[in-house]
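Hi,

Here is the structure I promised to pass on.

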Amino acid sequence: MEQFPEVVVCRLGHRPGRDDRMTTHVGLTARALGADRVIFPDNATDAVETAEDITDRFGGPFTAELVEKPAAVVRNWEGPIAHLTMYGEPVQTVESEIRSTVTEGDDPLLVVVGAEKVPFEMYEQADWNVGVTNQPHSEIAGLAVFLDRLFDGDELDREWVDASRKVVPKETGKLVLPVSEE
Ligand code: SAM
């Protein structure tokens with residue numbers, strides 16, 4: 001997002017069929033709430049296509065990519081890592097430390113979300129294990145709240161670049177305009 005170091009979301013694991021919608025929504029939520037990039041396991045091809053299609057229509061910058069081993073991306077990441085987990089420290093306790101570490105450093109932040117059981121090494125490789133409440137819920141909800149806290153709400157007012165269409169907020173009804181005709 002503008003004025004903020006790069007934020008990359010990494011989806012660990014994807015079970016085709018069962019996780020299709022969830023993995024796609026991890027990508028859409030990452031994009032909508034200010035992340036710059038999402039990394040999916042290489043069996044999540046539909047999620048990449050949807051993220052690219054939405055970015056083409058509604059703007060970016062945002063990129064989605066497939067990697068063979070997301071766990072290796074985490075292992076080799078040179079910047080700070082926040083792993084979202086119900087077992088972690090409360091987001092409200094660690095958010096300011098994460099924000100200042102990222103904004104005062106040069107390296108991109110990796111935000112890791114799980115699907116099925118997350119290997120224990122992930123808890124050790126993370127600089128912060130972050131709980132959005134310590135209740136079980138979803139990676140999409142956890143990611144949305146985490147990004148909103150990280151950006152302190154600024155992502156809600158961000159500008160979208162190279163969109164071919166734009167939603168015009170309305171009290172009632174739906175209005176989508178081609179950007180050039182606005
Ligand atoms: N049972 C799995 C395990 O033991 O790791 C977790 C499955 S959960 C449905 C999938 C992902 O949602 C988790 O890996 C985590 O990233 C995210 N998640 C679920 N609850 C969360 C919470 N309270 N705070 C942060 N992230 C959460």
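Two things before you start. This is a predicted model, where local features need pLDDT of at least 70 and side-chain atom pairs count only at pLDDT 80 or more, while totals for chains, interfaces and linings use all residues. Residues are numbered from 1 along each chain as its sequence is written, and side-chain values use heavy atoms, with hydrogens and water left out.

**The cores**

Let's begin inside. A nonpolar core here is a set of buried Ala, Val, Leu, Ile, Met, Phe, Trp, Tyr and Cys residues joined through side-chain atoms within 4.5 Å. "Buried" means under 20% relative accessible area, "exposed" means over 50%, and "partly exposed" is in between (1.4 Å probe, protein chains only).

The largest nonpolar core has 34 residues, and Ile-98, Leu-109 and Phe-146 are the ones with the most contacts inside it. Helix 6 (residues 139–150) gives the most to this core, namely 5 residues. Helices (H or I, at least four residues) and strands (E, at least two) are DSSP runs, numbered from the N terminus. Another core lies apart from that one; it has 14 residues, including Cys-10, Leu-12, Ile-39 and Met-122.

Contact means heavy atoms within 4.5 Å. If you leave aside neighbours within four places in sequence, Leu-109 is in contact with Ile-98 and Phe-146, and its other partners include Trp-77, Trp-128 and Leu-150.

**Helix 1 and its two partners**

Next, find helix 1 (residues 20–32) and helix 6, whose axes come within 9 Å and cross at roughly 10°. The axes are lines fitted to C-alpha atoms, for helices over the stretch in contact, and angles run from 0 to 180 degrees between N-to-C directions. Angles under 35 degrees count as roughly parallel, over 145 as roughly antiparallel, 65 to 115 as roughly perpendicular and the rest as oblique. Helix 1 and helix 6 are therefore roughly parallel to each other.

On the helix 1 side, Met-22, His-25, Val-26, Thr-29 and Ala-30 meet Glu-139, Ile-140, Leu-143, Ala-144 and Leu-147 of helix 6. Sorted by class, the residues of this contact are 7 nonpolar, 2 polar and 1 charged. For those classes, Ala, Val, Leu, Ile, Met, Phe, Trp, Tyr, Cys and Pro count as nonpolar, Asp, Glu, Lys and Arg as charged, and the others, Gly among them, as polar.

Is Thr-29 buried or exposed? Its relative accessibility is 13%, so Thr-29 counts as buried. Not counting residues up to four places away in sequence, Thr-29 touches Ile-140, Leu-143, Ala-144 and Leu-147.

Helix 1 also packs with helix 2 (residues 45–58), at an angle of about 30° and with the axes 8 Å apart. Helix 1 and helix 2 are therefore roughly parallel to each other too. From helix 1, Thr-23, Thr-24, Leu-28 and Arg-31 meet Ala-47, Thr-50, Ala-51, Ile-54, Thr-55 and Phe-58 in helix 2. This contact has 5 nonpolar, 4 polar and 1 charged residues.

Thr-23, also in helix 1, has 0% relative accessibility and so counts as buried. Setting aside neighbours within four places in sequence, Thr-23 is in contact with Arg-11, His-14, Phe-40, Ala-44 and Ala-47.

**Some spots in the backbone**

Which peptide bond is cis? The one from Gly-60 to Pro-61, with omega near 5°. Pro-61 is in the loop between helix 2 and strand 3 (63–67).

Thr-133 is not a glycine, but it has a positive phi of about 70°. You'll find Thr-133 in the loop between strand 6 (128–131) and helix 6, and with a relative accessible area of 44% it is partly exposed.

Asp-152 is not a glycine either, and its phi is positive at about 55°. Asp-152 is in the loop between helix 6 and strand 7 (165–167), and it is exposed, with a relative accessible area of 57%.

Lastly, look at Asn-76 in helix 3 (residues 70–76), which counts as exposed at 58% relative accessibility. Asn-76 and Gln-125 are 49 residues apart along the chain, and their C-alpha atoms are separated by 9.7 Å.

Enjoy exploring!
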